[in-house]
Amino acid sequence: MSDYELRDPIHKRIPFSEEERRIIDHPFVQRLRFISQLGFVSSYVYPGGVHNRFTHALGAMHVAGRLFARFISSTEVFSHRLTVKEIELLRLRVRLAGLLHDLGHGPFSHASETVFPQLSELPMDWSWWKSVPVRQSKHEDYSVLLIQTLAKENALDPDIAQDICCLIHADLQPSTTFHKLAKKIPSLPSVLKSIISGELDCDRMDYLLRDSYYCGVAYGQYDIDWLISSMTVAERNGNLILTISENGVRAFEDFLLARYHMIDQVYFHKTAAGFVHALEEAIRTKEIDLRIPTDPYAYADLRDDHVIEQLFAAAKDPKNYWSQHLMQRLPAKRILRLYDKHVQDQESLERLRTACEKEGVRYFMHSAANVLSRLDEAGTTDVLFVHKRTLGGHDQIPIFEYSDLLQKYNEKLRFTDFFVLREDYERFEKIRWT
């Protein structure tokens with residue numbers, strides 16, 4: 001039973017409880033109102049794309065709850081092995097994981113990660129971790145740090161906080177409470193993780209619809225209601241698996257195509273990609289002084305406006321090339337998009353680099369290494385099966401074997417955009433390629 005609800009342009013009505021409201025109202029979560037979902041450079045191309053990560057977090061919480069409810073209702077395993085109270089405890093964890101999955105995003109999201117500190121420098125409770133990798137920290141690590149801080153403030157129960165972290169971060173282990181529930185249903189952790197960070201998770205389900213809506217494009221549209229209703233949980237060899245009905249496969253393929261076209265046309269739009277590079281260079285070359293603190297409260301004070309004001313100030317100095325071009329909206333010139341799988345494209349890339357270096361034409365490259373789905377990777381535990389009708393009854397077939405579209409499109413998201421600085425473009429045009 002929900003205590004409150006709010007209006008949302010994507011999901012129409014998002015209900016939430018009193019307990020969830022206390023977390024929503026926390027300054028850490030409210031800060032997401034001031035972190036753009038797409039980064040401000042995307043609004044240079046799509047002026048309507050100025051929505052924030054707060055609305056996405058609410059949407060992801062809502063979708064996570066819908067997926068959980070569908071999984072619970074699709075099989076009697078949960079009701080036979082768990083009490084009503086235990087199911088509600090899991091529901092709360094899943095919905096809050098949806099809400100908090102992006103909590104640690106810095107200003108302009110991924111752009112600021114270039115100057116993040118080493119993971120070991122964050123003041124974590126490392127007992128929650130399976131192991132501590134040696135690497136630069138990412139926004140997911142800061143999400144863990146902020147969620148641990150919520151637990152220290154008693155805003156979240158420590159066990160709930162730890163379980164939320166294990167759902168959003170692969171390197172975290174669940175609490176003893178969660179371990180006890182997993183003994184009743186051995187594959188429970190993987191099923192719940194798939195809701196938060198899987199191939200059909202609440203994050204992608206919300207942001208595709210939300211980003212396409214605000215950008216004013218149709219690329220990210222798919223039938224979320226049909227897709228969720230076609231998903232089930234079934235037992236296979238003693239473990240729970242995710243399945244989708246045969247008449248839901250086309251909805252799944254529409255979802256994949258939506259992601260494919262959003263990556264190609266929105267997330268890696270040629271103009272936006274050039275401006276993202278400019279922002280990253282302004283940060284890397286210290287045209288602006290962006291320092292990422294390790295203290296959770298100092299980090300939570302960082303918002304997009306903090307960086308925007310620095311960029312405006314830096315752009316007044318002609319020496320700050322990247323800030324000036326960024327704030328005056330002077331994009332670099334993209335020459336070609338070159339795909340890794342095409343030998344001819346790789347040869348063209350090498351010719352471009354060699355010729356530009358010979359002629360003194362300044363250039364940069366922006367690469368995308370996304371894959372549409374990891375369902376075909378060997379050893380992956382995130383497997384989606386098609387519940388296929390046969391003469392003898394039913395069979396479960398991995399969707400990568402069932403869907404020709406998935407096999408075809410899964411290898412086309414590795415490309416490099418080659419840019420030339422706008423001041424050197426005339427010189428570039430004079431290069432002879434014959």
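Visitor: Is Glu280 buried, partly exposed or exposed?

Guide: Buried means under 20% relative accessible area, exposed means over 50%, and partly exposed lies in between, using a 1.4 Å probe and protein chains only. Glu280 has 23% relative accessibility, so it counts as partly exposed. Keep in mind that this is a predicted model, where local features need pLDDT of at least 70, side-chain atom pairs count only at pLDDT 80 or more, and totals for chains, interfaces and linings use all residues. Residues are numbered from 1 along each chain as its sequence is written, and side-chain values use heavy atoms, with hydrogens and water left out.

Visitor: Where does Glu280 lie, and which residues does it touch?

Guide: Helices (H or I, at least four residues) and strands (E, at least two) are DSSP runs, numbered from the N terminus. Glu280 belongs to helix α14, residues 270-284. Contact means heavy atoms within 4.5 Å. Leaving out residues up to four places away in sequence, Glu280 touches Ala111 and Thr114. Ser112 is 168 residues from Glu280 in sequence, and their C-alpha atoms are 7.3 Å apart in space.

Visitor: What is the mean pLDDT of the protein?

Guide: pLDDT is the predictor's confidence in each residue, from 0 to 100. Here the mean is 91, and 97% of the residues reach 70 or more. Where pLDDT is low, the predicted coordinates should not be read in detail.

Visitor: Which residues of helix α9 are buried?

Guide: Start with a general idea: an α-helix has 3.6 residues a turn, so residues three or four places apart point the same way. In α9, which spans residues 176-184, the buried ones are Phe178, Leu181 and Ala182. They sit on the same side of α9 because they cover an arc of only 105° around the axis, the arc being that of the directions from the helix axis to the C-beta atoms. These buried residues pack against α6 (84-100), α8 (158-168) and α10 (188-197). The face turned away from the buried side carries exposed residues: Thr176, Lys180 and Lys183.

Visitor: How many residues are in the largest nonpolar core, and which touch the most other members?

Guide: A nonpolar core is a set of buried Ala, Val, Leu, Ile, Met, Phe, Trp, Tyr and Cys residues joined through side-chain atoms within 4.5 Å. The largest one has 128 residues, and Leu99, Leu100, Leu156, Met205 and Phe252 touch the most other members. Helix α4 (residues 53-74) gives the most to this core, with 11 residues. Take Leu99 as a case: not counting residues up to four places away in sequence, it touches Ile23, Ile24, Val29, Ala57, Leu58 and Met61. There is also a second, separate core of 10 residues, with Leu338, Cys356, Val361 and Phe418 among them.

Visitor: How many aromatic pairs does the structure hold?

Guide: Rings of Phe, Tyr and Trp (its six-membered ring) pair if their centres lie within 6.5 Å; planes under 30 degrees apart count as stacked, over 60 as edge-to-face and the rest as tilted. This structure holds 20 such pairs. One of them joins Tyr213 and Tyr214 edge-to-face, at 5.0 Å centre to centre with 85° between the planes. Tyr213 is partly exposed at 46%, and Tyr214 is partly exposed at 25%. Another edge-to-face pair is Trp322 and Phe364, at 6.2 Å centre to centre and 75° between the planes. That pair links distant parts of the chain, 42 residues apart: Trp322 is in helix α17 (residues 321-327) and Phe364 in strand β6 (residues 363-369). Trp322 is buried at 14%, as is Phe364 at 6%. Ring pairs also link Phe40, Tyr44, Phe108 and Phe275 into a cluster.

Visitor: Which charged residue lies over the face of Tyr4?

Guide: A charge sits over a ring if NZ of Lys or CZ of Arg is within 6 Å of the ring centre and within 35 degrees of the ring normal. For Tyr4 the residue is Arg21, at 4.5 Å from the ring centre. Lys333 lies over the face of Tyr425 in this way, at 5.6 Å.
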